[in-house]
Amino acid sequence: MPESQTMITIDFWNTLVQAETGGSDRREVRLRALRRVARKYQQTLPPEKIDEAKRKASKEFDKIWLNEHRTPTTSELVDNILAHLELPATKAERTSLVEEFEESLWEGPPRLADNAGEVIAELAKRYPVGLISDTMYSPGRVLRKYLENHGLINYFSGFVFSDETGYSKPHPDAFRQLLDKSGSRAEHSWHVGDLVKTDIRGAKGLGMKAILFTGYSDGTYTYNEEDDMDAEKKAEPDHVCRNWNEVADILL
């Protein structure tokens with residue numbers, strides 16, 4: 001049971017929602033957008049060429065995300081993909097691509113985790129609840145709309161989206177910003193997230209308690225930087241929960 005001066009912060013992807021659901025539909029939106037631009041320049045983009053360009057852009061994203069603790073914007077990602085495809089694009093075409101990548105969530109929205117809404121509603125009656133999300137293609141404005149569509153947005157007293165703040169987990173300010181706003185103390189507060197090297201490492205580094213949510217992942221993220229792997233090994237969650245009912249048993 002949390003104490004006074006407590007805040008509960010929650011991750012979005014693979015904690016509040018299952019990232020895999022709708023993923024193929026979202027990817028198809030982005031593929032169609034790239035092919036449309038390519039046709040204007042009489043270019044054919046086979047799936048394997050697009051996949052390779054996206055893989056390279058994702059690898060560059062991960063290097064920045066996991067080592068510099070910030071996330072490149074959708075605009076930067078689109079620019080990297082276009083560069084790897086050697087695909088020219090006008091300013092208007094690039095702007096359109098960025099918008100379609102950002103809005104692709106609506107073609108394949110992720111599924112809300114079972115009982116997450118009910119548990120968060122109960123938590124919000126007792127404590128300030130914040131959402132901390134590292135973003136990639138879907139920026140904070142889109143994720144806010146998702147929460148609004150599911151009737152959840154008013155349960156959250158604050159939001160930290162990496163595309164808006166310029167830093168991502170495990171950067172201490174990703175957590176500190178919400179704690180300071182609510183007047184909560186780190187040692188009395190909890191974070192719930194699915195990745196050891198960002199969620200657990202960041203929360204524990206600031207003195208918070210941490211719950212590793214394993215309903216949709218095993219807590220790891222494959223990456224080949226030795227220093228980051230070592231840091232992951234040093235971060236231990238206080239609890240491991242497979243579903244939101246187990247989270248409720250700890251926090252309510």
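1. Helices α3 and α4 pack with their axes 9 Å apart and at an angle of about 115 degrees. The model is a predicted one, in which local features need pLDDT of at least 70 and side-chain atom pairs count only at pLDDT 80 or more, while totals for chains, interfaces and linings use all residues. Residues are numbered from 1 along each chain as its sequence is written, and side-chain values use heavy atoms, with hydrogens and water left out. Helices (H or I, at least four residues) and strands (E, at least two) are DSSP runs, numbered from the N terminus. Axes are lines fitted to C-alpha atoms, for helices over the stretch in contact, and angles run from 0 to 180 degrees between N-to-C directions.

2. By class, the contact of α3 with α4 comprises 6 nonpolar, 2 polar and 3 charged residues; Ala, Val, Leu, Ile, Met, Phe, Trp, Tyr, Cys and Pro count as nonpolar, Asp, Glu, Lys and Arg as charged, and the others, Gly among them, as polar.

3. Helix α4 (residues 91-103) also packs with helix α1 (residues 23-40), at about 165 degrees and with the axes 9 Å apart. The two helices α1 and α4 are therefore roughly antiparallel (over 145 degrees; under 35 is roughly parallel, 65 to 115 roughly perpendicular and the rest oblique). Their crossing is right-handed. From α1, Val29, Arg30, Ala33, Leu34, Arg36, Val37 and Lys40 meet Glu93, Ser96, Leu97, Glu100 and Phe101 of α4. The residues of this contact of α1 with α4 divide into 6 nonpolar, 1 polar and 5 charged.

4. The axes of α1 and α2 come within 11 Å and cross at roughly 110 degrees, which makes α1 roughly perpendicular to α2. Arg27, Arg30, Leu31, Leu34 and Arg35 in α1 meet Pro47, Ile50 and Lys54 in α2. The contact of α1 with α2 holds 4 nonpolar, no polar and 4 charged residues.

5. An open sheet of 6 strands runs in the order β5-β4-β1-β6-β7-β8, with parallel pairing (two strands pair if DSSP finds at least two bridges between them). Strands β5 (158-161) and β8 (239-241) stand at the edges with a single partner strand each, so one side of each is left without a neighbour in the sheet. On average, neighbouring strands of this sheet are turned by 20 degrees against each other, direction ignored.

6. Within the sheet, β1 (residues 8-10) and β6 (residues 190-193) pair in the parallel sense over 3 bridges. The bridge partner of Thr9 in β6 is His191. Helix α9 (residues 196-206) packs on the sheet and touches β6 and β7 (209-213); the direction of α9 makes about 165 degrees with that of β7.

7. The count of aromatic pairs comes to 8 (rings of Phe, Tyr and Trp, its six-membered ring, with centres within 6.5 Å; planes under 30 degrees apart are stacked, over 60 edge-to-face and the rest tilted). Phe12 and Tyr146 form an edge-to-face pair, at 5.6 Å centre to centre and 85 degrees between the planes. This pair links distant parts of the chain, 134 residues apart: Phe12 lies in the loop between β1 and β2 (17-18), and Tyr146 in helix α6 (residues 140-149).

8. The peptide bond from Lys169 to Pro170 is cis, with omega near 15 degrees; Pro170 is placed in the loop between α7 (162-165) and α8 (172-182). His69, although not a glycine, has a positive phi of about 60 degrees, and His69 lies in the loop between α2 (47-68) and α3 (74-85).

Note on methods. Contact = heavy atoms within 4.5 Å. Left-handed = near helix turned anticlockwise from the far one by under 90°.
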